[in-house]
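I wrote down what I looked up, in the order in which I came to each topic.

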Amino acid sequence: MKNTLNRRHFFAGAAATAVAATSVSRVALAAIPEAVQQTSADTAGPWTPPGVTGAGRPYNPVVTLNGWTAPWRMNNGAKEFHLVAEPVVREMAPGFHVNMWGYNGQSPGPTIEVVEGDRVRIYVTNRLPEHTTIHWHGQRLPNGMDGVGGVNQPAIAPGKTFVYEFTARRPGTFMYHPHADEMVQMAMGMMGFWVTHPKQKHPLIEDVQRDYCFLLNAFDVEPGSMTPQINTMLDFNIWSFNSRVFPAISPLVARMGERVRVRVGNLTMTNHPVHIHGIEFEVTGTDGGPTPKGSRWPEVTADVAVGQMRQLEFIADEPGDWAMHCHKSHHTMGAMGHSVPTMIGVDHSGLVAPLQRAVPDYMVMGERGMADMGEMEMELPANTFPMMTGTGPYGPIEMGGMFTMLKVRADQKPGDYTDPGWYTMPPGTQARLVETSDAPAASRPATPAQPANANARKPQAGSGHQH
Ligand SMILES: [Cu+2]
């Protein structure tokens, strides 16, 4: 299909990227638009629809981190999409593949990107072993299009195709996911992003030069296995942006002075405080719409609760490589960091051999803390990823999971999304080691005398300390 031929892939592995395109003639003849498949987990470049753009003025397309935008065809004034719900194998990181359920070859599914006022028609074919539906989270639409199985429609049986059709009435940030056997289907990765651009200049929606989007997601995959445990409620071990884990998540890049929007949706079972270093942002919108200007204040961390979406906007005016991550420290760790006993300060020499006789895989971690794990080349079970990983120019980054980088550069070309590599700091602007003899002596107050009776410091009943 012509649209797919215009797709450009800017990131690593672009040469290997192949969108399975089918011939225009077959598409033209088909009553249902061809379901375009994506075989790559790389970040696809922004997709500008060729020629016809439907309702509204031209827009700056979004870039889905480690995702892509669904192509559509125009048919009698409607934008037609075809989503196929199906089992997929998602590469969460090189060497780490997970059996998921998704759409059109990947999980999450493709981002649907339209313009306010567009008539949108979406065919949904079910190739899962059980029934499904799609709910269009946050959209204004006729009740019969809302996708709650049993309430708004019968579920889509395996092998069947349903069609949804409505007008994208409200510009903003949305997502889609099943509303049938949700616990299983969302634990297996069924979700996708939706962006509706405003059709004209909107008083609460700024023009931006970079517009990124991704979903927060979590899986419970035992190290060495390939399929998520679907009954897990809270104890997930894989925390990801768009089903990728650091350092396999693309960086967000920006040219100095550009206005950047980051759209984040949360379909996990817990909240995620998304933190960006180096800049201050404002929350300019939610899945309910743009926020009134008077309600915006500067933040460096925004909590994204379960089922919520947030638009974070800032001017990228500080050059460098800035960390961007979930601030729950467990969520920037890989599969093996969560159930390790605390061993700080414990001398376990002499204990390991007896323990290994009982538990052959027993591994000692963390006598001095766990930072050693960042550079430890330990033998991992097949098909997982190290719990702390990624190496920067100054050593191990000790992060995995929900972590990536905001890379701001003066010389990044407008519209260029390639990773500029590591930032070169101007001389004299980096924290450095000092010789202790050069360091100013820390002044220390004299040690207060120990009270003769320690109990004398405790409030006594009836002594007037109650407040
Ligand atoms: Cu988190």
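**Entry 1: histidine 325.** I began with histidine 325 and found that this residue is buried, with 25 other C-beta atoms within 10 Å. I used the burial classes throughout: buried is 20 or more other C-beta atoms within 10 Å of a residue's own, exposed is 12 or fewer, and partly exposed lies in between, with C-beta atoms placed from the backbone. Histidine 325 belongs to strand β22, residues 320–326; strands here are DSSP runs of E of at least two residues, helices are runs of H or I of at least four, and both are numbered from the N terminus. I then asked which residues histidine 325 is in contact with, leaving aside its neighbours within four places in sequence. The list is His275, Thr332, Met399, Met402 and Phe403, where contact requires C-beta atoms, placed from the backbone, within 7 Å.

**Entry 2: what I am reading.** I noted for myself that this is a predicted model, in which local features need pLDDT of at least 70 and side-chain atom pairs count only at pLDDT 80 or more, while totals for chains, interfaces and linings use all residues. Residues are numbered from 1 along each chain as its sequence is written.

**Entry 3: strand β5 and its partners.** I next looked at β5, residues 78–93, where 12 of the 16 residues are buried, so this strand is largely enclosed by the rest of the structure. For pairing I followed the rule that DSSP must find at least two bridges between two strands. β5 pairs with β4 in the antiparallel sense over three bridges, and methionine 74 stands opposite lysine 79 in β5. The two strands form a hairpin with two residues between them, and asparagine 76 in that turn has a positive phi of about 50°. β5 and β6 are antiparallel as well, joined by eight bridges, with arginine 90 facing valine 98 of β6 as bridge partner. Their hairpin also has two residues between the strands, and glycine 95 takes a positive phi near 85° there. With β8, residues 119–126, β5 pairs in the parallel sense over eight bridges, and valine 84 has threonine 125 as its bridge partner.

**Entry 4: an open sheet.** What is the strand order in the open sheet of four strands? I read it as β7-β12-β11-β9, with mixed pairing. The edge strands are β7 and β9 (135–137), each of which pairs on one side only, and the twist averages 25° from one strand to the next; for angles, axes are lines fitted to C-alpha atoms (for helices over the stretch in contact), and values run from 0 to 180 degrees between N-to-C directions. β7 and β12, residues 192–197, run parallel over four bridges, and isoleucine 112 stands opposite tryptophan 194 in β12.

Entry 5: Serine 107 and proline 108 are joined by a cis peptide bond with omega about 0°, and proline 108 sits in the loop between β6 (96–103) and β7 (112–115). The bond from phenylalanine 246 to proline 247 is also cis, with omega near 5°. Asparagine 66 has a positive phi of about 50° and is buried, with 25 other C-beta atoms within 10 Å. Aspartate 181 has a positive phi near 45° but is partly exposed, with 19 other C-beta atoms within 10 Å.

**Entry 6: the core.** Which residues touch the most other members of the largest nonpolar core? Among its 88 residues they are Ala85, Met175, Trp194, Tyr212, Ile238 and Val264; such a core is a set of buried Ala, Val, Leu, Ile, Met, Phe, Trp, Tyr and Cys residues joined through C-beta atoms within 7 Å.

Terms used:
Contact = placed C-beta atoms within 7 Å.
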